[in-house]
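Work through the exercises below with the coordinates open. Try each task before reading its solution.

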Amino acid sequence: MPFYFVGDNAYPTSQHMATPFKGELRDEEMLYNYRLSRARRIVENAFGILSARFRIRRRAIEGSQTLVRSIILACLALHNMHLQDEESVPPKRKKYVPYGYADYVREDGTYIYGRWRNENKTEESTVFQKLCRQVQE
């Protein structure tokens, strides 16, 4: 299956760049735009949460190409491990991505931004303390 980058109208359409349709839309085009928007939201949440939890991603990483690659892969592995650990946990008891932490859309179509977008250092250190205790158990 080929890969695609998902973007908004600011990006030009190309062979590997998926952008929304513009103007008067048919039903299929509206459905495509909706699904593209969902894909963008999921990717934005994943990278936003990853960057909020592993703050090294918020700035340029100085080091050799091998070191930077290893740091990124370690962050991705830890991020995915924490997400898998919480799959069976009820939403209100999750620690890594607690309820309301990620963006979501209400049933009425209202878009709600997640707390990861403006997380403060005190809350973040509390999350890390909880995660450390969970790993030690």
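**Exercise 1: Salt bridges**

E44 forms a salt bridge with R117, with the closest N and O atoms 2.3 Å apart. A salt bridge here is a side-chain nitrogen of Lys or Arg within 4 Å of a carboxyl oxygen of Asp or Glu. This is a predicted model: local features need pLDDT of at least 70, side-chain atom pairs count only at pLDDT 80 or more, and totals for chains, interfaces and linings use all residues. Residues are numbered from 1 along each chain as its sequence is written, and side-chain values use heavy atoms, with hydrogens and water left out.

Task: locate both partners of the E44–R117 pair, then examine the pair of R40 and D8.

Solution. 
1. E44 lies in helix α1 and R117 in the loop between β4 (111-112) and α3 (121-136), so the pair ties together parts 73 residues apart in sequence. Helices (H or I, at least four residues) and strands (E, at least two) are DSSP runs, numbered from the N terminus.
2. E44 is partly exposed at 34% relative accessibility. R117 is partly exposed at 32%. The cut-offs are: buried under 20% relative accessible area, exposed over 50%, partly exposed in between (1.4 Å probe, protein chains only).
3. R40 pairs with D8, the closest N and O atoms being 3.8 Å apart. R40 sits in helix α1 and D8 in the loop between β1 and β2 (17-18), 32 residues apart.
4. The total count comes to five salt bridges.

**Exercise 2: The largest pocket**

Task: describe the lining of the largest pocket by residue class and by helix.

Solution. 
1. The volume is about 310 Å³. Of the 18 lining residues, the closest to the centre are L83, K94, V97, P98 and A102. A pocket is an open set of points on a 1 Å grid over the protein atoms alone, where a 1.4 Å probe fits, with protein on both sides within 12 Å along at least five of seven lines; lining residues have an atom within 4 Å of a point.
2. The lining divides into eleven nonpolar, three polar and four charged residues.
3. α1 (27-53) and α2 (65-85) each supply at least two lining residues. The largest share, four residues, comes from α1.

Note on methods
Points joined across faces, edges and corners; volume = space filled by probe spheres on them. Nonpolar A, V, L, I, M, F, W, Y, C, P; charged D, E, K, R; others polar.
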